[in-house]
Amino acid sequence: MSIEQIFNQVVIIFLLMLLGAVIKKLGFLHPQSINDLTNITLYFLSPIVIIKAFEQPFSRSRFYQLLLLIAGVFLTYFVSILIAKLLFHKENDQNIRQIAT
């Protein structure tokens with residue numbers, strides 16, 4: 001994907017956001033309508049867009065990159081958990097300790 005395509009997609013997203021803001025300011029959308037549209041976007045449209053973005057022909061190099069990415073994510077989570085436990089294990093407030101670790 002080229003920089004021009006990415007830029008065009010970002011511009012389209014911002015124009016859609018601007019359109020939504022104008023529609024709300026004009027009073028066409030009520031709070032319940034906004035909640036419903038947000039739920040539709042989060043639970044239906046976002047997963048479809050993500051799946052569509054990953055539709056590519058299979059190749060071994062991409063598969064190995066995926067495995068490397070998964071390993072990197074798990075390693076990052078593991079290190080983050082360890083750091084949080086080290087930094088917050090002496091915290092007296094139980095609520096803060098539960099949130100932080």
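Colleague: I'm new to this predicted model. Why is Phe58 called exposed?

Modeller: Phe58 has a relative accessibility of 67%. The cut-off for exposed is over 50%, so Phe58 counts as exposed.

Colleague: How many aromatic pairs turn up in the whole structure?

Modeller: Searching the whole structure gives two aromatic pairs. Phe58 and Phe63 make up one of them, with 6.2 Å from centre to centre and 50 degrees between the planes. Phe63 also pairs with Tyr64, again at 6.2 Å centre to centre, with 55 degrees between the planes.

Colleague: How do you know that Phe58 and Phe63 form a pair, and why is the pair called tilted?

Modeller: A pair of aromatic rings is described by how far apart the centres are and by the angle of the planes. Centres have to lie within 6.5 Å, and those of Phe58 and Phe63 are 6.2 Å apart. As for the angle, under 30 degrees would be stacked and over 60 edge-to-face, with the rest tilted. Phe58 and Phe63 have 50 degrees between their planes, which makes the pair tilted.

Colleague: Which residues form the aromatic cluster?

Modeller: Phe58, Phe63 and Tyr64 form one cluster.

Colleague: Let's step back. Which elements does the protein have, and in what order?

Modeller: There are four helices and zero strands. Starting at the N terminus, the order is α-α-α-α.

Colleague: Where is Gln56, and why is it called partly exposed?

Modeller: Gln56 sits in the loop between α2 (31–53) and α3. Its relative accessible area is 44%. Since that is between the 20% and 50% cut-offs, Gln56 is partly exposed. Gln56 and Ile23 are 33 residues apart along the chain, and 36 Å separates their C-alpha atoms.

Colleague: What about Ile40, and how do you know that it's partly exposed?

Modeller: Ile40 is in helix α2. With a relative accessible area of 40%, it also lands between the cut-offs, so it is partly exposed. From Ile40 to Ser59 it is 19 residues in sequence and 33 Å in space, C-alpha to C-alpha.

Colleague: Where is confidence lowest, and where is it highest?

Modeller: The lowest is helix α4 (residues 94–100), with a mean of 71, and the highest is helix α3 (residues 60–88), at 91. Across the protein, pLDDT averages 84, and 95% of the residues score at least 70.

Notes: Residues numbered from 1 in each chain as written. Predicted model: local features only at pLDDT ≥ 70, side-chain atom pairs only at ≥ 80, totals over all residues. Heavy atoms only, no water. Helix = DSSP H or I, 4+ residues; strand = E, 2+ residues; numbered from the N terminus. Phe/Tyr/Trp six-rings, centres within 6.5 Å; stacked < 30°, edge-to-face > 60°. Buried < 20%, exposed > 50% of the residue type's maximum accessible area, 1.4 Å probe, protein only. pLDDT = per-residue confidence, 0-100.
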